[in-house]
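Please look over the sequence and the model before reading on.

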Amino acid sequence: MTDLPSAARVVIIGGGVIGCSVAYHLAKLGWRDVLLLERKQLTCGTTWHAAGLIGQLRATQNMTRLAKYSQELYGALEAETGLATGFKRVGSISVALTTERYEELLRGASMARSFGVDIETISLEEARRRHPLLNIDGAVGAVYLPKDGQGDPSNIALSLAKGARQMGATILEGVKVTGIIRADGRVTGVVTERGPVAAEYVVNCAGMWGREVGRMAGVPLPLQACEHFYIVTEPSPDIPRNLPVLRVPDECAYYKEDAGKIMVGAFEPGAKPWALDGIPEDFCFDQLPEDVDHFAPILDKATKRLPVLERLGIHTFFNGPESFTPDVRYLLGEAPSLRNFYVACGFNSVGIQSAGGAGKALAEWIVGGEAPFDLWDVDVRRTFPYQSTRSFIQTRVSESLGLLYADHFPYRQFETARNVRHLPLHELHAARGACFGETAGWERPHWFVPAEDRARGVKPEYSYSWKRQRWFPYVAAEHKAVREHVGLFDMSAFGKFRVEGRDAEAVLQRICANDVAVAPGRIVYTQWLNAKGGIEADLTVTRLSDRAFLVVTSAATSARDFAWLQRNIPEDAHCIATDVTSGEACIAVMGPRSRDVLRAVTPADLSNAAFPFATAQTIELGMAHVRAHRVTYVGELGWEIYVSSEFARHVFATIEAAGAAHGLRLCGMQAMDSLRLEKAYRHFGHDIGDEDHVLEAGLGFAVKADKPAGRFGDFIGRAAVLAKRQAGLTRRLVQFQLRDPAPLVYHTEPILKDGAVVGYLTSGGYGHHLGAAIGLGYVPCRADESADALLAARYEIEVAGERVAAIASLKPLYDPTSARVKS
């Protein structure tokens, strides 16, 4: 038995493919004092029975980038370690059985081209030629990815482990971690059955044990094991070798040829969570009991899709556990509540294709102290503690497993584990016909069905499509109301943080790119930047008093942003931050008649002179005192009304009654998004993120590089801002409007400049006032290229394989001077 070191720079918990990848890449970066601890044997959890499908295309550019790197790595490992990974490029075919699925494939093909992935839209005859076992009856269309592949999961992990050892890392099997040692908000080591190990960093790569390991560290992680089924046939000379991987998502099935056998696997709706009371202590290379009845519907369709299966015997009926997360995206990065405790787990059956890239990204994150590029899609900071409760996660994963192969319609909502967090006005919205969508657990109105339509039997429910969905005319009416009259939005779910103390101003001057050394009552729009000038947060800061500020940010990023705020308060600063999100409701009254509505319910002077834009005041409203913020995310005159939650119903009723005479309409998040798109307001996580330079995002007006350094130094990112100003921009965020009013855009549609793909839309929707689809996206430029020269090109947006001419603008297409906002 190898001696257990008493200390290591990094301890990695878990010897599956991701743990081995993190160890390999840390060693590759020169960190030799790396210790990987595996409770039993390497790969004995889920890696050993993975299907080994290694595709390239993922939902975003950076996830695709990581998957492509995984392929390159696995193809080269044998030369480095002498241990074959079994990786081979056989290509893959995806077949659609419905027109909606075919549009999804066509849109995915367009996206792939913008990401630099080789993809072909092929005829059904060509699909059958490439996969002779395929029955194309009932099929509509297909796409082919020639560089997709497959590999041997166990050997990939063992090759990574061997490579890590060759570079100096230590890997020990049979060492179970039983505890995490913490001090002063930082991880300091682990406890094992053979004694403690001091560590500067700890990485949770424990797979389906990841939630348990997180609990040891006081870090809630939402993942749960589910049963995953596949069969493997007997070998047959009737099965051609090196067939492309075949996916028929409308039948929930995938097919892989290996050594003259066919594997048939499924991601079925109504999945079965496993080990609800904990994973058995002795679990090691274990197989779960067969459930033929559960898999029978999949197999019945499979024998019709590949008729050869009817003649073949089943060699293996396999059921094994794999871990799934609430949103079917894995968990990566540093835990927001514990410094130097990193996470890489919950891979949702894409662990093999993801592990190479994810291990490299996390190793670079650990070594560099920040994410190497935008990883928000999988960033552990997107999760919330309630999602790790057993009741929530066990309910949700029964749905999320099946969503891997469900139609990926835009705006699709989860159906399980809902109604967890409610706005103070939830029941009032429901009574008025709200269709709710969920963000960060909050049930928020997405759109409203008017009373007359409800009386005709129209239900406030989503009915999904790639075309105009049920809500389209309702959102158009809400949009029109805000542009022409007045609308009311419930923004109570937005994150709210109080920052207080005698050093509060100095702390925020360090964190904010804009100047927040303003008079009480002023509102400042600002970004929080990283050292590269990338955008970590996009929000407003309101000065409440000499020593108190209020930060307001989006609901989806509140955990991330609060963690960034807390971690950037210097230890010697007299300053505290408190999350007060649930303490106040926020009712936004927006539109050209918003002043008329509010004048009827408050004695306050709402004129421009008395209440200018970007200011806040405490005023009377009905029988309550509220704080009114004159600010907007929809591009119109308006106020956000902040009020203690217990007064929210009264304030709502008061505004609603006064608004009747002015055409006030209740509005949801769908309308807010279409309104902000027309005004070219940026959306964090789509248009801007930590990889997007604030100047290239067109937000230089909110950066005050000349503000004096405060007690805690220059603002974070200032040097990068000055450097970019000196060097010039290499890309710019551009707004587009399709010239044809019919097509719809959502995001990731390719941008073509003079016939060549140069980027993709970061966000998209329909501009109901402008009368066509609107999108934002980055376009490369020369440092010396003028705006006129950039816009003089011919622009098109590719929508489901069709090129559509587009207008391009660097200024908002709606109200470019913001005259309406300041009216």
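Is arginine 456 buried or exposed? With a relative accessible area of 60%, arginine 456 is exposed, because exposed residues are those over 50%. The model is a predicted one, and it holds 52 salt bridges. Side chains of opposite charge can pair when their charged atoms come close.

**The salt bridge of arginine 456**

- Arginine 456 forms a salt bridge with aspartate 453, and their closest N and O atoms are 2.8 Å apart.
- Aspartate 453 has a relative accessible area of 13% and is therefore buried, whereas arginine 456 is exposed.

**The salt bridge between aspartate 250 and arginine 101**

- A salt bridge joins the side chains of aspartate 250 and arginine 101, with an N to O distance of 2.9 Å.
- This pair links distant parts of the chain, as the two residues are 149 residues apart. Aspartate 250 is placed in the loop between β14 (245–248) and β15 (253–258), and arginine 101 belongs to helix α3 (residues 99–114).
- Aspartate 250 is partly exposed, at a relative accessible area of 21%, while arginine 101, at 2%, is buried.

**The salt bridge between aspartate 277 and arginine 390**

- The side chains of aspartate 277 and arginine 390 also meet in a salt bridge, at 3.4 Å from N to O.
- Aspartate 277 lies in the loop between β16 (261–266) and α7 (292–305), and arginine 390 lies in helix α9 (residues 390–403), so the pair ties together parts that are 113 residues apart in sequence.
- The relative accessible area of aspartate 277 is 72%, which means that this residue is exposed. Arginine 390 counts as partly exposed, at 43% relative accessibility.

**A network of salt bridges**

- Salt bridges link Asp379, Arg381, Glu536, Arg560 and Asp690 in a network.

- Glutamate 749 is found in the loop between β34 (731–738) and β35 (750–753).
- Its relative accessibility is 6%, so glutamate 749 counts as buried.
- The side chain of glutamate 749 reaches the backbone nitrogen of histidine 747 at a distance of 3.0 Å.
- Leaving aside residues up to four places away in sequence, glutamate 749 touches Arg107, Leu744, Gly759, Tyr760, Leu761, Ile797 and Glu798.

Methods
Residues numbered from 1 in each chain as written. Predicted model: local features only at pLDDT ≥ 70, side-chain atom pairs only at ≥ 80, totals over all residues. Heavy atoms only, no water. Helix = DSSP H or I, 4+ residues; strand = E, 2+ residues; numbered from the N terminus. Buried < 20%, exposed > 50% of the residue type's maximum accessible area, 1.4 Å probe, protein only. Polar contact = N/O pair within 3.5 Å; in protein donor to acceptor, adjacent residues only side chain to side chain. Contact = heavy atoms within 4.5 Å. Salt bridge = Lys/Arg side-chain N within 4 Å of Asp/Glu carboxyl O.
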